[in-house]
Amino acid sequence: MGIPSADWLVRPIGPVDEAEVSAVLAERFGVTGTVHDLGSQQDRNYRVRTETGDYVLKIANPASDPAALRAQCAAVERLADASGLRLPRAHAGVDGEVVQRLSAGGVELVCRLLDYVPGEPIMDSRYLAPPVVARLGELAGRVVAGLADFAGVEQERPQLWDLRNALTVVETLGPHLPDQERAARVLRASRAAHTLLEPFVDRLPVQVIHGDVTDNNVVCEPAADGRRMPVGVIDFGDLGLGWTVAELAVTCASVLHHHGAGPASVLPAVHAFHAVRPLANEEVDALWPLVVLRTSVMVVSGQYDTLLDPGNGYASVALDREWAMFEAAVSVPAEVMTAQLRHALGRPSAQLLPVAEHTLLPGLPDDVASLDLSVSSEELHTGRWLAPDAETVLARATLTAGHTAVRTRHGEFRLTRTTVDDSVPAATCALGVELHLTGPAEIRAPWAGTVTRHGDTGVTLHTGGLDLLLDGVDAEVQPGPVVSGRRLGTVAAREGVRVLGIQLFRSCATGGRPPRFAPPELAAGWLEVCPDPTRLFLAPDAPDASSSAPYDAPLSARDAQQAVTEAELLERREHSFATVQEHYFETPPQIERGWRHHLVDTRGRGYLDMLNNVTILGHGHPGLGEAVHRQWRRLNTNSRFHYASVVELSERITGLLPAELDTVFLVNSGSEAVDLALRLAWAATGWQDVVAVEEAYHGWTYASDAVSTSIADNPNALASRPPWVHTVAAPNSYRGRHRGPQARRYAPEAAARIRELADQGRPLAAFVCEPYYGNAGGMALPDGYLRQVYEATRDVGGLCVADEVQVGYGRLGSHFWGFEQQGVVPDIVTVAKAMGNGHPLGAVITRRDIADAYRTQGYFFSSAGGSPVSSVVGLTVLDALRDEDLQTNAREIGAHLKGRLLELAERHALIGAVHGSGLYLGVEFVRDRESLEPATEETAAICDRLRELGVIVQPTSDRQCVLKIKPPLCLTRRSADVFADALDDVLTHGW
C-alpha cells in the first residue's frame with residue numbers, strides 16, 4: 001500500500017533523546033531542569049521543570065516554517081494583552097530569537113521555549129456539563145475576537161487542519177487507510193457536508209484563527225463544584241488563516257466524544273461563542289457541515305499518522321475518540337442540526353411548501369376528530385399511556401364513539417412515547433401524522449412527482465427536494481412519474497383497522513428516511529425538515545385545523561411556540577409568584593404529569609421521582625382521584641358540620657397509635673400541626689419555653705418557625721430565635737460533636753440542659769424533635785436518645801412532641817411511626833405530608849386531657865382540616881397504604897437500595913456515608929472522609945446531572961451535601977436500580 005503525498009501532509013518526527021533536549025535547553029535558552037515527554041501527534045513536546053518555574057519545549061516538525069512559529073508567538077502576545085486568558089508566552093533564546101535551531105538524529109529541527117500553562121486538560125472522555133461546554137465556546141469566541149485583525153500570518157502552502165481543505169484531505173488519505181469500511185463512510189459524509197457548504201464558501205469571513213481550541217488544548221482549574229472549567233488556551237501549532245466559524249466547529253467537534261454527549265450537547269458552546277463574536281446567518285448554516293468535515297479529517301489523519309508512525313501511542317490512543325466524534329457528528333443529518341442551531345439562536349427558516357393542487361384524501365369527511373396524545377391529555381389518565389398500544393386503543397375508542405376518521409397531531413410531544421426508568425430521553429415529538437379510518441379511502445397525489453415503493457404498503461412521492469411518505473397504502477400506481485391528482489391507491493386494511501401514516505421530508509444530502517419521532521432536544525431541527533402534512537388532507541377551516549402550523553409560517557413554528565411558552569411561563573412565575581417560593585433547578589423542566597413514582601415534563605421526558613415524600617402513594621393514584629371526585633360532587637364543607645368521614649378518619653388515626661393518644665385535631669399542613677402542638681403544650685403546662693434540636697426544620701408559621709433551627713431553610717434561624725426557644729446539639733452521629741459510639745453522649749447532655757433550664761426558673765412546656773433525624777438526610781437518632789430526653793422533659797413538667805411530618809406513615813419500613821424505632825410514646829404527635837398524598841392535610845394527635853386544655857385559649861378551627869374531602873383523602877391514603885402493603889415495600893425496596901448505595905460508597909470516595917432506613921435515606925457527599933468537609937457545590941451539580949439522566953433528587957442538610965432520597969413508597973426494585981445506576985454513572989464519569 002502506497003503512502004500518499006501532498007504539501008499539507010507531514011511525517012511525524014520520532015522521539016528526541018532527553019539528553020539532547022537538555023543540551024538544547026542549556027545551550028539555546030540558558031535553562032537547566034528535568035524534562036518529560038508530553039507526547040504529540042506530529043511535533044514533540046517536553047515539559048521542563050526548573051527551580052524558577054516550568055516550561056514547555058516544543059520541537060517542531062521539519063515541515064514547520066520558522067516564520068509561522070514566530071507568528072504563533074506574536075499571536076499569543078496579542079491575545080495575552082487582550083483576552084485575559086492563560087496562554088503559553090514564548091521566551092527568547094540567549095541570542096534574542098524565540099525560534100531556535102537544533103539537530104537531532106541527523107535532522108535539522110527548530111524549537112521554542114514556552115511558558116508551561118498550569119491546569120489540566122479535559123480531553124479524557126468524562127462528561128462535560130453545559131457550563132463547561134459553554135466556557136469552551138466562550139474561549140473560542142474570545143480567541144477569534146482577539147485575533148480578528150491580526151495579520152502576522154502568511155500561508156504559502158495548504159494546511160492539513162484548515163477546513164477549507166477538508167474534502168481534499170479526506171479524498172487523498174481515505175483510499176490508503178487500512179480500515180476501508182470506515183474510510184468509505186467518512187468519504188460519503190464529507191462529500192455530503194461539502195455539498196451543503198459550497199453555497200457559502202465565498203461568503204464566510206476568513207481571518208487568523210487558533211484552529212484547535214479543543215478539550216485537549218485548553219487548561220482548566222477545578223471550580224467549587226469539582227467541574228474542571230477552562231481558563232487558558234495552549235498549543236498554537238495550527239494557527240493560520242481559516243474561516244472564522246471553523247474555530248467554533250473545531251470546538252464543537254471536540255465535545256462529541258465525551259460521555260453522554262450528542263449533537264445537542266454543543267448548543268451551550270454555540271450560544272457562548274455567539275455572545276462574544278456574533279455569527280452571521282451563513283456561518284450558522286455552515287457550522288454543522290464543518291463539524292462533520294472536522295471529525296472526518298480527524299479520523300483519516302489519525303489513521304494516517306499511525307500508519308506512518310505505528311509506535312506513536314498518542315495518535316493510536318486517539319483513534320477511538322476521533323471515531324466517536326465522527327459517529328456523533330453524522331448521527332443526525334446536517335440539515336437537521338442546522339435548523340436546530342438556527343432555532344437556538346432565534347433564527348428559524350421560513351421555507352414554504354409547494355401548493356397542494358389536489359386533496360390527498362378527497363373522500364375524507366370534514367369532521368375528522370383529533371387525538372390528544374400530549375402530556376396534558378385527559379384520556380391518557382391512570383398510566384394508560386404506558387401501554388404499548390395506547391395510541392391504537394384511544395383511536396379505536398374515538399372511532400367507536402361515532403367518528404369515521406381520527407388523526408394524530410404533527411409536532412406533538414406524545415405522552416404515549418414517553419419512557420420511564422430510562423436515562424436516555426425518548427423520541428417523543430411526532431414528525432408526521434397517522435389517520436385512523438373506519439372505511440376505505442382513496443389516496444391521490446397532491447402534486448406532480450415521482451413515485452417509489454418501500455415495503456409492502458409504503459409509497460413515496462418525490463417532488464423536487466420534498467418527499468411525501470405514505471405508509472399503509474394498497475398501492476395501485478407503478479413506480480415512476482405521476483401527475484397531480486393521480487390516484488395512488490387506497491388506505492390498506494389490516495386486521496379490521498385502516499391506518500395511514502403521512503410524513504413530509506425535505507430530502508437531506510445524506511439521503512435516507514426520517515424517523516417518525518424526534519427526541520425533544522432536537523425537535524425544532526427535525527420539525528423544520530419534516531413539516532406538517534395535515535393540510536394535505538384537512539381543509540384550513542376544518543375543526544381543529546389550527547393545531548397545525550400554517551404552510552406560510554416557519555416550519556418550526558409549533559416547537560418555537562412551545563419553547564417560548566415554557567420560557568414565558570417561568571418568567572410569568574417570577575413576576576406573579578413570590579420568588580422566595582423557590583423552584584428546583586436553575587432551568588426547571590415544566591412538569592405537568594405524574595404517575596406512581598414518575599414525573600413527565602411537557603416534552604414527554606420521563607423522570608424518576610426520588611424526592612417526593614409528600615406523595616407517599618405516588619402520583620396520579622386512581623383510587624384517590626376517584627374518591628376525591630365522588631366527594632367533591634357530593635359535599636365539601638368544614639368540620640363544624642356533622643358527617644361520617646371526619647369521625648372515621650379520626651378513629652383510624654388513633655387506632656394506629658398507642659392507646660393513650662386518643663384525640664385528634666385535623667389541620668391543613670405540617671406547619672400548622674407543629675404550631676398547634678406547641679400551643680397545646682403552652683395551654684396544658686402554663687409555660688412557654690421550648691427545647692428544640694439544632695439543624696431541624698418544623699414549619700413556617702410563627703411557632704413552628706421559631707423552633708426551626710436549620711440554617712439551610714433560614715440562614716438567620718439561630719440568631720432570630722425568640723427567647724423562649726432553647727436548643728440542644730444535633731444528635732448527628734456522623735459529623736456532629738460526638739461521633740460513632742460517642743453519640744450516646746448527646747442524650748444525657750440534652751437531658752442536663754432541660755433540667756438546667758428548669759433550675760433557672762425556665763420550666764419546659766415542650767421538647768420537640770423529629771424521631772428520625774430528617775434534615776440531616778434521614779439519620780437515626782442514637783439508641784435511647786428519646787427515652788432519656790423524654791424522661792427529663794417529663795420530670796420538669798414538660799410535654800414531648802414527636803414531629804412525624806416527614807417520617808411517619810411507614811416510610812421507615814420497619815416501623816409505621818418514627819418514635820416506635822426509639823421505643824417511646826410521645827405526648828403529642830404531628831403528621832402531615834404523607835397523610836394527604838399531596839392534598840393539604842395534617843393532624844395533631846394527643847391525650848384527651850391535653851386537648852381539653854386548649855379551651856383556655858378559646859376554640860380551635862381549621863377551614864380545610866377535616867373537611868369532607870380532606871377526610872376522604874385521609875381515609876383513602878390509609879386504605880391504599882394497607883391494601884398495597886406499602887410499608888413492606890418501603891422496607892424491602894429500601895433495604896435493596898441502601899445496599900446498592902453502600903456498594904457505591906466502597907468505590908466512590910465522594911460518598912462519606914449512607915444514612916437512613918426504608919425509603920427515608922440520605923447519601924452524604926464529602927471532599928475528604930477524614931475532615932468530612934462537605935461537598936456542597938458538588939452535590940448541587942450532581943443533582944443537575946442526575947436530572948439530565950432522568951432522576952429528580954435534591955440536596956438537604958444544613959450543609960446541603962446530602963442527597964434527599966424520600967420517593968413515593970410504591971418505588972420498584974427496577975427503579976431503585978435505575979437510580980443507583982444513574983448515581984454510579986455520575987460519580988464515575990463526572991458531573
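Me: Where is T709 found?

Reply: Helices (H or I, at least four residues) and strands (E, at least two) are DSSP runs, numbered from the N terminus. T709 sits in the loop between α17 (702-706) and β30 (725-728). This is a predicted model, in which local features need pLDDT of at least 70, side-chain atom pairs count only at pLDDT 80 or more, and totals for chains, interfaces and linings use all residues. Residues are numbered from 1 along each chain as its sequence is written, and side-chain values use heavy atoms, with hydrogens and water left out.

Me: Is T709 buried or exposed?

Reply: Buried means under 20% relative accessible area, exposed over 50%, and partly exposed in between (1.4 Å probe, protein chains only). T709 has a relative accessible area of 1%, so T709 is buried. Of the 991 residues of the chain, 57% count as buried.

Me: Which backbone oxygen does the side chain of T709 reach?

Reply: A polar contact is a pair of N or O atoms within 3.5 Å; within protein, one must be able to donate a hydrogen and the other to accept it, and residues adjacent in sequence count only if both atoms are side-chain atoms. Here the T709 side chain reaches the backbone oxygen of V693 at 2.7 Å. A polar atom of that side chain also lies 2.9 Å from the backbone nitrogen of E695.

Me: Which residues is T709 in contact with, leaving aside neighbours within four places in sequence?

Reply: Contact means heavy atoms within 4.5 Å. With those neighbours set aside, the partners of T709 include V693, E695, L718, R721, T727 and D958.
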